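Please examine the sequence and the three-dimensional structure shown here before reading on.

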Amino acid sequence: MRDFAMLLDRAGESEEAKKIYLTIVDAAESLRIEGGLPDTLRRSYFATVTPAYKALAVLEARIGDFDQALRATELSKARTLLETSTARGVARSILSAEERAELSDLEFGIARFDERIPSVTDVGARADLEAQRNALSTKFAETNARLESRYPAYRQATSSSAVNAKEAVRLLPEGAALLDLVQTESRTLILWMTAEGEQGSVTLPDNPNLSATLEAYRAALAKPDGIDGLRYPQRSGAPRHLIWKLPDGSFRMRRLEDGALDGATIVRDIEQIRSSLSTWILSSLPKQVLAANRWLICPDGPLSLLPFDTLRSDDRLVGETHNVSFVQSISMMRLSSERLKKYSDLSRGPMLAVGNPTYGTAPNTAPSQRAIDTLRGPTGSPLGSPIWPDLPGTAKELSALTELFDLRKDASLFSGEAASQSTIRRLQSSGGLGHFRYVVFATHGYLHPQNPELSAIVLSQANLGPGEDGYLRGPELASFDFRSDLVFVSACETGLGKWTSGEGILGLPFALQAGGNATTILTLWQIIDESSAEFVARFFAKVKAGVPLAAALAATKREFIRGDAGEERKSPAAWAAFTYYGQ
């Protein structure tokens with residue numbers, strides 16, 4: 001049906017195409033309301049129908065119906081995350097402790113299967129685990145339905161509605177603009193609005209091979225030496241890469257040994273890519289958006305991993321003139337705002353800091369390895385399993401946070417062997433995770449792009465107990481009960497994951513929001529140990545002084561851009577990876 005609607009739209013039969021898209025959307029929404037599908041199957045199904053939502057959004061924008069374009073866009077984003085997050089929040093205030101424990105135990109059991117299944121290669125064993133997982137999921141659905149029947153307020157609260165344009169304007173802070181992106185197979189639509197109530201839409205020119213261009217740009221940003229760092233990596237044995245500009249204007253990164261691409265030219269300066277992306281996006285934005293001092297970006301597709309504050313406008317980086325933050329959807333922005341307001345009434349300690357875990361492998365201290373190049377990520381091993389070197393920078397990070405917030409060992413500060421999976425589970429079991437305004441993990445991060453359930457915060461690898469491997473994975477984090485204003489994961493690539501149509505980035509971004517925290521700071525690449533410690537300390541000094549979270553992050557980035565943290569830390573590799581999700 002969607003293909004037929006596309007043909008009608010191209011033939012100029014917009015109204016007929018719209019009717020078909022609406023039929024698809026209405027049917028999908030009915031199925032979502034009825035439920036009955038395990039969440040993994042529900043995600044898979046809705047990934048197949050969200051292109052119809054997006055095509056409808058583009059069509060509505062083209063014919064000038066902004067409200068309906070926004071509705072279709074909002075229905076296409078982060079739906080499972082919103083429903084999961086809303087249900088968990090409501091459960092805390094309506095259900096009894098025993099009923100919440102019953103749901104939590106089932107969720108945790110499902111999470112453990114979600115952790116194990118992706119790594120099982122034997123077909124029979126995998127099928128058995130999936131059957132056990134689906135049985136638990138069915139039991140969870142039955143238990144949840146029973147509770148919804150018992151508590152009408154619970155059922156009503158978990159059936160969240162999409163935010164409309166008027167409500168979205170009310171959610172925007174003073175002086176802010178929202179950019180809601182829609183990425184289809186052939187075009188990129190931006191729905192924009194300001195806190196003053198102005199609104200509109202722009203359709204960007206075609207940009208072929210956008211994913212490859214963004215991958216090359218992000219890879220070059222992540223190196224202190226930029227493109228030269230890809231061509232001449234400092235780490236021994238690391239593959240060498242070149243970036244090529246193709247005849248169609250796109251960019252692609254390839255291994256050196258793979259040779260040249262037909263008609264392509266070598267890119268020697270990251271400014272070529274930056275200029276291309278900046279012109280493509282920023283030149284199309286209206287003056288009202290450019291004048292706003294804060295941008296809340298609701299991304300889509302490969303643009304979910306673009307650090308917008310590294311783009312350039314009028315010879316200045318966007319990050320120098322705008323506070324940039326991200327939201328998974330406008331409804332998630334509303335939920336973030338509601339949590340911040342609700343949590344402000346709680347009695348909480350200022351901070352829980354978990355970091356500098358015991359990994360048991362000394363960091364690389366060879367003379368050729370500069371301090372700025374020590375990364376919070378694995379070094380690999382001859383056998384193919386990751387090796388986690390100790391992170392001396394995280395000790396400095398915890399020391400700075402201890403001084404700022406008067407942290408107490410084994411109460412609000414856990415390091416060394418105590419920075420462990422068992423510690424976090426114990427805090428969750430006792431309700432302790434919900435007693436802190438800010439939560440910081442200063443550790444390694446593990447990214448599994450194919451199976452986002454396996455992405456993890458890597459904790460102590462010493463003295464592991466039964467059922468522990470030191471990896472705090474997404475499904476387990478999603479089952480926790482955070483009541484924090486902010487979770488800051490100061491580790492490598494924690495903002496990355498598998499992008500799924502209709503859901504966004506799965507992995508840690510999804511898990512931490514589902515776990516109850518209001519806002520999150522994650523990273524887009526392997527961050528630098530020493531400079532990250534400095535970045536976190538400067539950020540939280542501003543937060544303690546009362547600077548709002550998004551403004552504190554932007555101000556810290558500007559200090560690095562100016563060179564206040566040292567000349568070599570002016571590189572985007574030292575500051576641009578940190579990404580804020582929330583109101």
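This is a predicted model: local features need pLDDT of at least 70, side-chain atom pairs count only at pLDDT 80 or more; totals for chains, interfaces and linings use all residues.

Residues are numbered from 1 along each chain as its sequence is written, and side-chain values use heavy atoms, with hydrogens and water left out.

The protein has 22 helices and 21 strands; these are DSSP runs numbered from the N terminus, with helices (H or I) of at least four residues and strands (E) of at least two. Of its 583 residues, 56% count as buried. Here, buried means under 20% relative accessible area, exposed means over 50%, and partly exposed lies in between, with a 1.4 Å probe and protein chains only. A contact means heavy atoms within 4.5 Å. Among contacts between residues at least 6 apart in sequence, 72% join residues at least 24 apart.

Helix α16 (residues 392–405) and α20 pack at an angle of about 15°, and their axes are 8 Å apart. An axis is a line fitted to C-alpha atoms, for helices over the stretch in contact, and angles run from 0 to 180 degrees between N-to-C directions. The helices α16 and α20 are therefore roughly parallel to each other. Angles under 35 degrees count as roughly parallel, over 145 as roughly antiparallel, 65 to 115 as roughly perpendicular, and the rest as oblique. The residues of the contact of α16 with α20 comprise ten nonpolar, three polar and five charged. In this grouping, Ala, Val, Leu, Ile, Met, Phe, Trp, Tyr, Cys and Pro count as nonpolar, Asp, Glu, Lys and Arg as charged, and the others, Gly among them, as polar.

Residues of α20, including Phe535 and Phe539, meet residues of α21, among them Lys557 and Phe560. This contact divides into eight nonpolar, two polar and five charged residues.

Aromatic rings form another pattern. The whole structure contains 15 aromatic pairs, where rings of Phe, Tyr and Trp (its six-membered ring) pair if their centres lie within 6.5 Å. Ring pairs link Phe405, Tyr438, Phe488, Phe535, Phe539, Phe540, Phe560 and Phe578 into a cluster.

Not counting residues up to four places away in sequence, lysine 557 touches Asp309, Phe535, Trp575, Ala576 and Phe578.

Two loop residues complete the picture. Alanine 518 lies in the loop between α19 (508–514) and β20 (519–523), and is buried, with a relative accessible area of 0%. Alanine 518 and arginine 339 are 179 residues apart in sequence, yet 5.5 Å apart in space, C-alpha to C-alpha. Beyond its neighbours within four places in sequence, the contacts of alanine 518 include Arg339, Tyr343 and Asp485. Glutamine 526, in the loop between β20 and α20, is partly exposed, with a relative accessible area of 21%. The C-alpha atoms of glutamine 526 and lysine 223, 303 residues apart along the chain, are separated by 9.3 Å.

Methods:
Rings of Phe, Tyr and Trp (its six-membered ring) pair if their centres lie within 6.5 Å; planes under 30 degrees apart count as stacked, over 60 as edge-to-face and the rest as tilted.
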